[in-house]
Amino acid sequence: MRRVSFNARTAFDAETGGDIEVALFVFEHALLPQPIRLSTDPTERLSSDPLFYGTRSSWSGANPVTDPYLFVLASAEVPGDMEDAPASATLVFENVDNEIASVLRSFVDYATVHMAVVLAGSPNLVEVEYRDMKLVSTDGDAGEVRIAIGRRPIEDERVPMDRFTKDRFPGIYR
């Protein structure tokens with residue numbers, strides 16, 4: 001059973017939602033000098049020139065003052081928990097910066113994606129968290145970037161297959 005904070009339960013029970021849910025994303029890769037942090041809510045104005053909005057949260061080891069989560073128009077679904085399928089989700093970022101879009105499409109190997117759902121009124125209190133997801137595919141242009149994230153497929157595990165040799169299966173060769 002998932003634990004839900006008192007703030008979230010109060011917001012869910014209210015007639016008009018006073019607090020909204022915010023999805024926070026962290027994209028990490030060895031080729032990135034620092035992680036890309038994105039938010040689905042313009043919680044506060046971060047700078048006036050250039051105009052940036054975002055969310056300040058200490059989730060995932062971020063310093064709220066120096067490492068804010070930048071606001072992007074995004075739609076996201078929470079990863080599923082089906083028994084016979086790995087957790088996966090699709091993120092659609094609209095009107096992202098051309099630089100961020102090209103960086104997200106440029107990875108040859110898997111980038112790591114962390115996702116959390118928080119409330120705008122309490123961004124340091126995590127309601128739901130999904131860690132160590134992998135960026136499986138990215139398509140689209142600067143106007144809209146569609147990202148598929150999920151657990152690393154079992155087919156990608158680099159384990160040698162068993163060969164039917166005398167050393168490995170001695171019972172076959174009697």
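Student: Which residues form one aromatic cluster?

Tutor: Phe25, Phe27 and Phe93 do. Bear in mind that this is a predicted model, where local features need pLDDT of at least 70, side-chain atom pairs count only at pLDDT 80 or more, and totals for chains, interfaces and linings use all residues. Residues are numbered from 1 along each chain as its sequence is written, and side-chain values use heavy atoms, leaving out hydrogens and water.

Student: Why is the pair of phenylalanine 25 and phenylalanine 93 called edge-to-face?

Tutor: Rings of Phe, Tyr and Trp (its six-membered ring) pair if their centres lie within 6.5 Å; planes under 30 degrees apart are stacked, over 60 edge-to-face, and the rest tilted. Here the centres are 5.6 Å apart and the planes at 90 degrees, so the pair is edge-to-face. Phenylalanine 25 is in strand 1 and phenylalanine 93 in strand 7, 68 residues apart.

Student: What makes the pair of phenylalanine 27 and phenylalanine 93 edge-to-face?

Tutor: The values are 6.2 Å centre to centre and 70 degrees between the planes.

Student: How do you know whether phenylalanine 25 is buried or exposed?

Tutor: Buried means under 20% relative accessible area, exposed over 50%, partly exposed in between (1.4 Å probe, protein chains only). Phenylalanine 25 has 0% relative accessibility, so it counts as buried. Phenylalanine 93, also at 0%, counts as buried too.

Student: What makes the charged end of arginine 37 sit over the ring of tyrosine 69?

Tutor: The rule asks for NZ of Lys or CZ of Arg within 6 Å of the ring centre and within 35 degrees of the ring normal. The charged end of arginine 37 sits over that ring, 5.9 Å from its centre.

Note on methods: Helices (H or I, at least four residues) and strands (E, at least two) are DSSP runs, numbered from the N terminus.
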